[in-house]
Amino acid sequence: MVRNNWTREEVEKIYNQPFLDLVYQAATVHRENFDPNEVQISTLLSIKTGGCPEDCSYCSQAARYHTNVKVQKLLPYEEVIQAANRAKDSGSSRFCMGAAWREVRDNKDFDRVLDMVKGVNSLGMEVCCTLGMLSEEQAQKLKEAGLYAYNHNIDTSEEYYDDVISTRTYDDRLETLGNVRKAKLSVCSGGIIGMGESAGDRIGMLLTLANLPEHPESVPVNNLVPVEGTPFENQKTASVWDLVRVIATARIMMPKSAVRLSAGRLELNYEGQAFCFMAGANSIFSGDVLLTTPNPDTKSDAELFQILSIKPKEAFKDARKSGIEFNQIPSAQGLEHKH
């Protein structure tokens, strides 16, 4: 049953139950709503890297921190389409483009991103973007270009948020999610654990997401990848057991959402990832780089899928199953692109 009125006491009881009981409950909910042997492969590409004015304490792309990330302007259209084709050939059905912007601006760069969306959409992939804050009108333009999903994470609980970032408010993030929803785009929103937050903060983050008027269709769960030069460079990250607890609780609270096992997967062995899948994760990001942080390569993922008898999920399957509105996949012919 889908609920949007969870109480903290209810979620604490779920989250804090014996580990194997929690995983069993989550696995049961997962099997009621999804094929447990199917996981979506997604690819994430940084189309504009570094130089961001925000001060997110975890982020290698903040201009104010001295990291190894080199500032790069927006990638050429052809390079992005080539990357999307390679991702599709390697089994990805979802292609996400990330730009290190504070917010979307109505300029030539945004026009170029709209063309990229059209191009990737023509390949028959789910197109996702994460470009910072955006207005309802900008979200509508992305929708008309063929965007399927928009990612905008809330990162953590409202109470812990000010310990992570000061240049954008929690309400700013929720407002962007509202604009995405008004444009009838699929909402992708989750957070990061291992940033020094408490179990209560993890519960608070999940409460915010699950008590939205509609659950996000996608909930990425990231484990912090400490980056040298950022305020969190020496942060002790969360254990695999904490990660599984968050994934399992998210699965129980948001039974029909895709729970995405995202950053931090390189630190997990196959057994740890298998536990995450058992607890309800049904998407991974493929490729050896996630924006700017390392990630398992496609060869090891293929081996993991073979060991666990997991098959990749096809594009748009969840939308067709649940009746989510999505753009019809256009043919590659007849699309005009401004390069």
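This is a predicted model: local features need pLDDT of at least 70, side-chain atom pairs count only at pLDDT 80 or more; totals for chains, interfaces and linings use all residues.
Reader: Is strand 1 mostly covered or mostly uncovered?
Author: Strand 1, residues 38-48, is mostly covered, with eleven of its eleven residues buried. Buried means under 20% relative accessible area, exposed means over 50%, and partly exposed lies in between, with a 1.4 Å probe and protein chains only. Strands (E, at least two residues) and helices (H or I, at least four) are DSSP runs numbered from the N terminus.

Reader: In which sense does strand 1 pair with strand 2?
Author: Strand 1 and strand 2 (residues 94-99) pair in the parallel sense over six bridges; two strands pair if DSSP finds at least two bridges between them. Serine 42 has arginine 94 of strand 2 as its bridge partner.

Reader: Over how many bridges does strand 1 pair with strand 9, and with strand 12?
Author: With strand 9 (residues 281-286) the parallel pairing runs over four bridges, and threonine 43 has serine 286 as its bridge partner there. With strand 12 (residues 311-312) the parallel pairing runs over two bridges, where valine 39 stands opposite proline 312.

Reader: Returning to arginine 94, how far is its C-alpha atom from that of asparagine 121?
Author: The two C-alpha atoms are separated by 9.8 Å, and the residues are 27 apart along the chain. Asparagine 121 lies in helix 4, residues 108-121, and is buried at a relative accessible area of 3%.

Reader: Turning to charges, how many salt bridges are there?
Author: The count comes to 13 salt bridges, each being a side-chain nitrogen of Lys or Arg within 4 Å of a carboxyl oxygen of Asp or Glu. One of them joins glutamate 214 to arginine 181, with the closest N and O atoms 3.8 Å apart. That pair links distant parts of the chain, since glutamate 214 is in the loop between helix 7 (199-210) and strand 7 (218-223) and arginine 181 is in helix 6, 33 residues apart.

Reader: What is the N to O distance between arginine 181 and glutamate 217?
Author: The side chains of arginine 181 and glutamate 217 meet in a salt bridge at 3.1 Å, N to O. Arginine 181 lies in helix 6 and glutamate 217 in the loop between helix 7 and strand 7, so this pair ties together parts that are 36 residues apart in sequence.

Reader: Are glutamate 214 and glutamate 217 buried or partly exposed?
Author: Glutamate 214 is partly exposed at 47% relative accessibility, whereas glutamate 217 is buried at 17%. Salt bridges with shared partners join Arg181, Glu214 and Glu217 into one network.

Reader: Which way do the residues of strand 7 point?
Author: Ser218, Pro220 and Asn222 point one way, while Val219, Val221 and Asn223 point the other way, and all are buried. In a regular strand the side chains alternate between the two faces of the sheet.

Reader: Which residue stands opposite valine 221?
Author: Glycine 191 stands opposite valine 221. Strand 6 (residues 191-193) and strand 7 pair in the parallel sense over three bridges.

Notes: Residues are numbered from 1 along each chain as its sequence is written. Side-chain values use heavy atoms; hydrogens and water are left out.
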